[in-house]
Amino acid sequence: MANTAETPKGTHPPLRLDRRGGRDPVAFTLIPEPAERSEIAGRLGLSALKKLRFAGEIRPEGARDWRLEAELGATVVQPCVVTLAPVSTRIDSPVLRLYRADMPSRPEGDEIEMPEDDSEEPLPDTLDLARVMEEALALALPLYPRAEGAELGEASFAAPGTAPMQDAEVKPFAALARLRDRAEGETDHGPDGENGGD
């Protein structure tokens, strides 16, 4: 049977994770106070965060790993990408995190290989549930909130005598161009932003 950690409102003490396993599962419920919701809304660029609840369980898995399963519930308000009118969205999202004792920490440097399972993370000594909650909310937010009836116009691109390209066709090329420009800038100025050469 899991221990229940009904976290006091406004406080979220970190959980210490035993790398040897053997601990009982811990159930948790986080319901931030209005002031804390306001701070989270500011960090995430939201107009308002009306409701937020994060509840679930973390339990040992195998000899040394830990597994977190939870449900995130929130009501967020964002500006419409077309009209800037407030758009209210209800979010109900499952959250899964697998904390692996044998998984190396993220390497330093430019090249970082992404794991096949993006729910897996290196096992920390302590787990900040409030941080997990905020990260899960950030991932669940609508990228392009639109007010009802708001439509983005679509631009066409064409040289004389050729068929126009639509926005959806141009976006991949624009992304590639940005990557190319960034790479060229690093080559010209060096990794520290200084000009190469003498």
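In this predicted model, Glu 135 and Arg 131 pair up through their side chains in a salt bridge, with N and O 3.2 Å apart. Both sit in helix H2 (residues 129-140), 4 residues apart, which means about one helical turn separates them. Arg 131 counts as exposed, at 57% relative accessibility, while Glu 135 comes out at 34% and counts as partly exposed.

That pair is one of 12 salt bridges that turn up in a search of the whole structure. Here are three of them, with the N to O distances:

| Salt bridge | N to O distance |
|---|---|
| Glu 135 and Arg 131 | 3.2 Å |
| Arg 59 and Glu 57 | 3.1 Å |
| Arg 100 and Glu 61 | 3.0 Å |

What does the Arg 100 and Glu 61 pair tie together? Arg 100 belongs to strand E6 and Glu 61 to strand E4 (residues 48-61), so this contact links parts that are 39 residues apart in sequence. Glu 61 is partly exposed, with a relative accessible area of 23%.

Arg 59 and Glu 57 are partly exposed too: Arg 59 has 26% relative accessibility, and Glu 57 has a relative accessible area of 23%. Both residues also join a network of salt bridges, whose members are Glu 57, Arg 59, Glu 61, Asp 65, Arg 67, Glu 69, Arg 100 and Glu 120.

Now for a nonpolar spot. Val 81, Val 82, Leu 143 and Tyr 144 make up a surface patch, with about 430 Å² of accessible area together. Val 81 is found in the loop between strand E5 (65-79) and strand E6 (86-100), and its 35% relative accessibility makes it partly exposed.

Technical notes
Residues are numbered from 1 along each chain as its sequence is written. This is a predicted model: local features need pLDDT of at least 70, side-chain atom pairs count only at pLDDT 80 or more; totals for chains, interfaces and linings use all residues. Side-chain values use heavy atoms; hydrogens and water are left out. Patches are made of residues with over 30% relative accessible area and no salt bridge: like charges are joined within 9 Å, nonpolar side chains (Val, Leu, Ile, Met, Phe, Trp, Tyr) within 5 Å. Accessible areas come from the Shrake-Rupley method with a 1.4 Å probe; for residues, only the protein chains shown count as cover. A salt bridge is a side-chain nitrogen of Lys or Arg within 4 Å of a carboxyl oxygen of Asp or Glu. Helices (H or I, at least four residues) and strands (E, at least two) are DSSP runs, numbered from the N terminus. Buried means under 20% relative accessible area, exposed over 50%, partly exposed in between (1.4 Å probe, protein chains only).
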